[in-house]
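These are my notebook entries on one protein model. I set down what I looked up, entry by entry.

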Amino acid sequence: MADKQPNIVVFFWDNFGWGEIGCYGGGVLRGAPTPRIDSIADEGLKLLNFNVEAQCTPSRSAILTGRHPIRSGTHSVPLAGGPDGLTQWEVTIARALSDAGYATGMWGKWHLGSDPEQRSPVDFGFDEAVWSPRTADEVLWTMQSYFPNGNVTAAPYAGKTEIPLEPEPIYARKKGGKHEVVATYDAEFRAGFDRKITGWAIDFMRSSHEQGKPFYLYLPYTQTHIPTIPDPEYVGRTKHGNWADILTQMDDFTGQVLDELDTLGLADDTIVVWASDNGGDSTYRMPAGDPDPFGGLWNGFGGPWRGSLFTSLEGSNRTPCIIRWPGKVPAAKVSNELVHEVDLFTTLVLAGGGTVPTDRQIDGMDMRTFLLGDAEESGREVVLCMNGNRLQAVKWRQWKVHLFQQDDFYSTWAPYSIPRLYNLEWDPREENEVDFPHAWVMHPMAAAAGAFLKSLAMEPPIKPGTPDPYTPPAPGQLVPQEHVQIGPIVQYVTTLHHPDGQAADVREHQPEHGLSHASGA
């Protein structure tokens, strides 16, 4: 599709809803225009049906590996410490593009491993990175007068075991080197982090261009995750509060990266992707002041879609995504075709001349002719909506069936006795099920879900916290056994049997399917 390897810049924002920016109906409606972000849509492709995972960790895993996170042990945000992250067996887009000759860099929120020497961005193909290992809400700990200073105990159950409680670090590391702690992720650093990300990205583009290397920049910016504290230069800029100030700074920082591409003469040779990891937050409270030193807890805006992050409603799983590649992607193109973030892995790796792994399940489709060209159809008809280790909903074309009920971040989930079916064109807010008159659409949904679940049996999911080195079972070592039926969907994953009956060999690979409990947090 291209005479030479294109540069690739991926903006990946945090907890940012479908309806926040101007080209998706937000912008001034949310307190501030977003002309620089909107210009990407004016010059490229705006996706109306871009689908992601419901939580931060799985969404970042999916976009980097092209695999649904239940496969890689990253299906949920890791809480309360303990082993976490990807195993080094996983192949990220950075690793694939690095092998293809790219300079690769990442700055921002990682959330795919807390160990800076074993599970850092550099361990997964990035030449250099500055990152927070976990998430921005830990900044709130440092703003509390009663946050412990040092280790604590949990007597009598944990005895005298000391439990570390310390502020989250900011790490930096380059390929071939050791990590260093460059800052504490506190309120001051949080406010200026996204500005720093922008500066590091610009410096990397310049140095890569000087070296004559194509570059891949992964920019997992930290806004608009709580606490939404604006950069000092943007505080009060709009006179519409913290949220509008942050929209303005997001727009400006996006513009600075785009301007640098123009300055370097690389705009026509660069694929720009601007997207979000999941829908907006739902933890609204009245901000204590304006500006609020705690950043406020603002309700994200999902446009016409109901729901927020950590659910399988459209307001969680459908986020903005705009793509620009001048001369390749038609200007001002708008599409409601189904796309999943795993498709970006396959598409961008192949566009960069890299190799997509063939020794593991890859869920991403090659959409070069659609995402990076002028084709009208994406080729994807089904999206599986996972939440944690549950298959919570299935989308087929404009139809969507929910297998579980969960209305917001704080709701407990519970399986429906009868799946609830919706038509997203008739009912964008998923409030009026249609069910029996249209039950025929369950057949392709069941076929897709059944095939996916069977693939989990043939390649058992990696358990969360699995240490390195991880070695997958050999092909054919495990075979699925049909076990239980849920509505029209046959569940293949519950029990696995070794061909020669040695159940002990199977136990360590037993997948967690999450369908045996009536409810959960």
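The entries below go from the overall fold to single residues.

**Entry 1. Basis.** I worked from a predicted model, in which local features need pLDDT of at least 70, side-chain atom pairs count only at pLDDT 80 or more, and totals for chains, interfaces and linings use all residues. Residues are numbered from 1 along each chain as its sequence is written, and side-chain values use heavy atoms, with hydrogens and water left out.

**Entry 2. Overall fold.** I found ten helices and 19 strands in the protein; helices (H or I, at least four residues) and strands (E, at least two) are DSSP runs, numbered from the N terminus. Of the 521 residues, 59% count as buried. Buried means under 20% relative accessible area, exposed over 50%, and partly exposed in between, with a 1.4 Å probe and protein chains only. I also looked up contacts, which are heavy atoms within 4.5 Å. Among contacts with a separation of 6 or more, 68% join residues 24 or more positions apart.

**Entry 3. Salt bridges.** I searched the whole structure and noted 31 salt bridges, each a side-chain nitrogen of Lys or Arg within 4 Å of a carboxyl oxygen of Asp or Glu. I then examined individual pairs.

- Lys109 pairs with Asp14, with the closest N and O atoms 2.9 Å apart. Lys109 belongs to strand S3 (residues 103–109) and Asp14 to the loop between strand S1 (7–13) and helix H1 (35–42), so this pair ties together parts that are 95 residues apart in sequence. I recorded both Lys109 and Asp14 as buried.
- Arg67 pairs with Glu90, and here the closest N and O atoms are 2.9 Å apart. Both residues lie in the loop between helix H2 (56–65) and helix H3 (93–99), so the pair ties together parts that are 23 residues apart in sequence. Arg67 and Glu90 are both buried.
- Glu381 pairs with Arg397, with 2.6 Å between the closest N and O atoms. Glu381 sits in the loop between helix H8 (368–371) and strand S12 (382–387), and Arg397 in the loop between strand S13 (390–396) and strand S14 (399–405), so the pair ties together parts that are 16 residues apart in sequence. Glu381 is partly exposed, at a relative accessible area of 37%, and Arg397 is partly exposed at 44%.

I also traced a network of salt bridges that links Glu314, Arg318, Lys395, Lys400 and Glu430.

**Entry 4. Arg397 and the second largest pocket.** I returned to Arg397 for its backbone: its phi is near 55 degrees, a positive value in a residue other than glycine. The second largest pocket holds about 330 Å³ of space. Of its 17 lining residues, the closest to the centre are Asn49, Asn336, Leu338, Arg397 and Gln398. On a 1 Å grid over the protein atoms alone, a pocket is an open set of points where a 1.4 Å probe fits, with protein on both sides within 12 Å along at least five of seven lines, and lining residues have an atom within 4 Å of a point. Grid points are joined across faces, edges and corners, and the volume is the space filled by probe spheres set on the points. I classed the lining as six nonpolar, four polar and seven charged residues. Ala, Val, Leu, Ile, Met, Phe, Trp, Tyr, Cys and Pro count as nonpolar, Asp, Glu, Lys and Arg as charged, and the others, Gly among them, as polar.

**Entry 5. Cysteines.** How many disulfides are there? I counted zero, a disulfide being a pair of cysteine sulfur atoms within 2.5 Å. Cys56 is buried at 4% relative accessibility, and Cys385 is buried at 2%.

**Entry 6. Helices.** In H1, I listed Ile37, Asp38, Ser39, Ile40 and Ala41 as buried. The buried residues of H1 pack against strand S2 (45–51), helix H5 (242–263), strand S8 (270–276) and strand S9 (318–324). Within H5 I looked up Thr248, which is buried at a relative accessible area of 13%. Leaving out residues up to four places away in sequence, Thr248 touches Ala32, Tyr234, Arg237 and Thr238. In helix H7 (residues 342–351), nine of the ten residues are buried, so the helix is largely enclosed by the rest of the structure. Just after H7, Gly353 takes a positive phi of about 80 degrees.

**Entry 7. Backbone geometry.** I noted a cis peptide bond from Gln223 to Thr224, with omega near 15 degrees, and another cis bond from Ile226 to Pro227, with omega near -5 degrees. Thr224 is in the loop between strand S7 (215–219) and H5, and Pro227 also lies between S7 and H5. Ala332, in the loop between S9 and strand S10 (333–335), has a positive phi near 60 degrees. Ala332 counts as exposed, at 51% relative accessibility.
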